[in-house]
Amino acid sequence: MGCVLEVDVDGEGVFFVDKDVLAPFIGKIKELADDSPVRAPARTPHRRVALHGFPGGAEAFELVARFCYTGGTGLAVTAANACALRCAAQFMDMADAPASSAKPSLVKMTEKVLEEMPHWPWQAVVDAVKECQCMFPLAESTGVFDRVVGALLSQMAVPGDATPTSSSPESSAFRFSCDTKCSSLSMRRTWWFEDLVVLSPGMVERVAKALLARGADHGIVARFIFYYLKCRIAGANAEDKKAMLEAAITVIADLDRSSVSCKGLFGILRIASPLKLAGACQDTLVDMIGRKLDHATLDNLLVPAPSGTGSLYDVSLVFRFLEAFMRHTGGAQVEPPRLKKVGALMDMYVAEVAPDPSLRPARFVELATALPAAARDSHDALYRAIDVYFQVHARLKDDEKMKICKGINYEKLSPECCKHLATNAGFPTRAAVQALASQHTVLKGIIRHSGPLKPASSPPPPFTGKYHQHIESYNDIDGDDGNGQVVLYASRLDLTLENQNLKSLLDGMHWRVMELEKVCSRMKTQMTKMKSSRRRAARSLPKMCS
């Protein structure tokens, strides 16, 4: 007997084999024998060889050894062992013999069986997939994985009730609980979900991407990914959840935008929030949600803020959604219906987060002004949200409030909201004046369309019949004081019915301006008195001795 090798296969089993018997078939055996230490003392000198990561484990090595000892005649290659033996042949450098050679080749024997894989029973194909996930990257480099995916795709196209040997009686009648509206046709196309849900996250990602590369339906792949998460997330530890979500996000990113629902993406987001996903996966998920933001609901956006921040909701995350939406829709070039949907959604969201006492003014302004002007036809909802924010944040200074008020387009306020603002003590006086001036511009436009104004060269007589109030604004600059004033006067005009509904608003503006003028007058009087008292106090102080 020649040199004996003691082969330890992954700690699963130890085999004593003759090097001279294996050498004609296994090119790697000489290298392993030369690098291994001699075990002594022993009657027969032998070397110890440790094989780590052997494809198929000790069972596959035993089959390889049997092939060598019998010259290829004592081994039956079947669907159950073909994948493992093909990878084992690659691992042990069992080169394919030339076609003219009579020497048996394990590579040829396994390839012949693998070529028939599309005709294997379904369960055999599923078992081959499970084997492949333990044999990467050899399964990929040998082409075994590619053959497995091809066999999967060919059998997936077969309706569930006609599948050759399904893995369980329930497979053909599989109920896709993630989609209660799925038809019987859809159920027949998803019968295989349950059999592949046992795969590891990495294998699911590889299989899904390979199916897509071969032209699989994006909608079916998307539903499989969500079903996989639904079945496996519950009860998994944090690390496993993280791996599943990252694999799912990577696959979903390659799907058509229409094949993934916005609700599903937010479902992934809620599961992923407490986990620390890879930065690239987080960015990808945010980007995908941003693209479909016009399909989101208010409940979707109300994501709790990370612990320790003191905030109720994660406002920064929603702002990232907005940035992604504007980036992918071309900013101002976005379709008006989609833009207006997002505008209405953001109005509801801003109103929801406005009562949060920890929401900083700068972040609130960013939310209010993130969208272009075309996103809102009316600013009433935004005004009401800002009103709530001012009530909660009562300590804000007028300058801070004015920065927030810049998000309001006063010309897009309804008469009711403009009237409310004019009498709202929570808003700065300058905001009320700007609102009145903006409404003046709107009124001028309406009157211009209804007919020319008649100049009022003298004080108007008492009103008799139909009338219209005309607003004029000017800046009275006197010395150091620059007080914007609004003067209202009435003139006889023949009005259309469209202008009649502005009467109540104008009356309210009139009284509001009168009130503001009184406040300004009192402030001037107080300032004059203060200056006079300071001068008298300065004259009454005794001079200091030099």
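This is a predicted model: local features need pLDDT of at least 70, side-chain atom pairs count only at pLDDT 80 or more; totals for chains, interfaces and linings use all residues.
Val-7 has Phe-15 in strand β2 as its bridge partner. The pairing belongs to two antiparallel strands, β1 and β2, the latter spanning residues 13-18, and six bridges join them. Between the two strands of this hairpin there are three residues, and Asp-10 adopts a positive phi near 55 degrees.

Let me stay with β1 for a moment. This strand covers residues 4-9, and six of its six residues are buried. Which residues point which way? Val-4, Glu-6 and Asp-8 point to one side of β1, while Leu-5, Val-7 and Val-9 point to the other, and all are buried. I note that the buried set includes Glu-6 and Asp-8.

I turn now to the helices. Phe-325 is part of helix α17, which comprises residues 315-329. Is Phe-325 buried or exposed? Phe-325 counts as buried because its relative accessibility is 0%. In sequence, Phe-325 is 46 residues from Leu-371, and the C-alpha to C-alpha distance between these two is 9.9 Å.

Finally, consider helices α19, residues 361-369, and α20, residues 380-392. Their axes lie 12 Å apart, and the helices pack at an angle of about 175 degrees. Angles over 145 degrees count as roughly antiparallel, and α19 and α20 are therefore roughly antiparallel to each other. On the α19 side, the contact is made by Pro-361, Phe-364 and Ala-368; these meet Leu-382, Ala-385, Ile-386 and Tyr-389 of α20. By class, the residues of this contact are seven nonpolar, no polar and no charged.

Technical notes: Residues are numbered from 1 along each chain as its sequence is written. Side-chain values use heavy atoms; hydrogens and water are left out. Buried means under 20% relative accessible area, exposed over 50%, partly exposed in between (1.4 Å probe, protein chains only). Helices (H or I, at least four residues) and strands (E, at least two) are DSSP runs, numbered from the N terminus. Two strands pair if DSSP finds at least two bridges between them. Axes are lines fitted to C-alpha atoms, for helices over the stretch in contact, and angles run from 0 to 180 degrees between N-to-C directions. Angles under 35 degrees count as roughly parallel, over 145 as roughly antiparallel, 65 to 115 as roughly perpendicular and the rest as oblique. Contact means heavy atoms within 4.5 Å. Ala, Val, Leu, Ile, Met, Phe, Trp, Tyr, Cys and Pro count as nonpolar, Asp, Glu, Lys and Arg as charged, and the others, Gly among them, as polar.
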